Amino acid sequence: MPDRNPHRPFTPDPEFMSLLPEQWGNPVNGLGESEVRRPDVVWWATDVEKAPFGAAQKWFYTKEVPGPELIKERAKRQEILATPLPEVADNRQDRSPADWTLALERFVAAGDCERVGVTRMQPEWAYQGTDVPFTNVIMLAVQHDYDKLKSAPDQVCGTDVSRQYNRAASVAKQVAGWLRQQGWDAKPVTGPMVGDILLIPPALECGFGELGKHGSIINPEFGSAFRLAAVLTDAPFEPTPKREFGIDDFCSRCRVCEDACPPFAITAEKQLVRGTNKWYVDFDKCIPYFAETSGCAICIAVCPWSRPGVGPNLAVKLARRAERKRAEQVFEGTEQP
Ligand code: SF4
Ligand code: SF4
């Protein structure tokens with residue numbers, strides 16, 4: 001049967017390929033490694049002059065002619081990043097851990113972001129060579145405009161990606177500023193050039209969702225149509241619990257993103273990456289297409305969970321299925337009631 005993917009066949013641009021370093025991204029990412037270790041930066045390096053993929057990353061920036069909306073969003077990003085944070089106040093505000101975490105909801109209520117969560121910092125989330133002297137990670141999620149996201153890999157989608165990263169950066173700076181004014185040191189961590197820590201593992205840990213086959217998080221409410229930012233702090237927040245919705249199992253039966261990915265970067269099986277068996281996108285197949293389309297995003301746009309209104313119904317069905325399975329196991333005596 002002919003491949004109905006409109007973006008195939010895809011042939012990587014030889015100019016881009018000539019800029020790649022000798023050691024490709026999958027080994028740098030730790031594909032096939034059985035030991036847990038801190039990650040290395042591959043893409044989205046903060047210093048493109050020194051990074052092994054820096055030349056390729058620079059090519060990515062020049063590939064696209066930005067439209068007026070994208071130019072505006074990029075200028076806004078510089079403004080947000082350049083805004084100074086307040087000094088850490090001398091007097092520390094005291095609250096119970098539960099009250100600290102509850103207080104974060106004000107940023108959701110104000111529409112600055114759509115979800116907040118907290119988890120304890122784990123050393124293996126920090127990039128090699130970075131120092132993260134904080135105990136807690138606050139995670140923040142902002143939702144895409146699905147009508148724009150679904151145009152991926154068009155620039156309409158890319159512009160919304162920039163817009164949402166700006167919202168995420170803005171709320172991260174607000175949260176960090178709020179904590180500093182209350183006497184607690186805090187550092188915003190904003191994408192896509194994150195620098196300090198991986199964002200997906202703490203977001204999974206604080207209950208934002210489960211890792212999908214396409215390598216992004218799936219949340220029952222937003223699907224994969226959201227972006228992340230974080231705030232590092234020692235303020236004594238209560239962690240929000242990790243949650244499972246049956247999405248991992250759903251992914252093992254679905255292949256929508258596999259079929260939609262132009263360079264066949266999404267694979268049917270989980271793989272061992274730095275000591276964890278998980279869904280993994282083949283970086284070296286993805287990145288030429290990602291770079292040529294200034295960010296692609298097809299896989300998160302086509303994921304059925306990303307379509308507004310679909311995720312909550314799917315989550316209810318999966319919860320019912322899990323409950324039924326458990327009842328059967330109890331009946332068969334393979335599970336305790
Ligand atoms: S498209 Fe299907 S397989 Fe891919 S991440 Fe979404 S649910 Fe999982
Ligand atoms: S972002 Fe990468 S993995 Fe996702 S569809 Fe595009 S090329 Fe494939």
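Start with the contact between α4 and α8: select E69, L70, E73, R74, K76, R77, I80 and L81 in α4, which meet Q155, G158, T159, S162, R163, N166, A169, S170 and K173 in α8. Contact means C-beta atoms, placed from the backbone, within 7 Å. These residues divide into four nonpolar, six polar and seven charged. Charged covers Asp, Glu, Lys and Arg; nonpolar covers Ala, Val, Leu, Ile, Met, Phe, Trp, Tyr, Cys and Pro; the others, Gly among them, are polar.

The model is predicted, with local features needing pLDDT of at least 70 and side-chain atom pairs 80 or more, while totals for chains, interfaces and linings use all residues. Residues are numbered from 1 along each chain as its sequence is written.

Now show both helices whole, residues 68–82 for α4 and 155–181 for α8. Helices are DSSP runs of H or I, at least four residues, numbered from the N terminus. Their axes come within 9 Å and cross at roughly 15 degrees. That makes α4 roughly parallel to α8 (angles under 35 degrees).

Next, the largest nonpolar core, with 79 residues. Its members are buried Ala, Val, Leu, Ile, Met, Phe, Trp, Tyr and Cys residues joined through C-beta atoms within 7 Å; buried means 20 or more other C-beta atoms within 10 Å, exposed 12 or fewer, partly exposed in between. Select I138, M139, L140, A168, A172 and A230, which touch the most other members. α8 gives the most to this core, 10 residues.

Finish at D185, in the loop between α8 and β3 (186–190). D185 counts as partly exposed because it has 15 C-beta neighbours inside 10 Å.

Terms used. Chains are lettered from A and ligands numbered from 1 in the order in which they are written. Axes are lines fitted to C-alpha atoms, for helices over the stretch in contact, and angles run from 0 to 180 degrees between N-to-C directions. Helices (H or I, at least four residues) and strands (E, at least two) are DSSP runs, numbered from the N terminus. Angles under 35 degrees count as roughly parallel, over 145 as roughly antiparallel, 65 to 115 as roughly perpendicular and the rest as oblique. Two residues are in contact if their C-beta atoms, placed from the backbone, lie within 7 Å.
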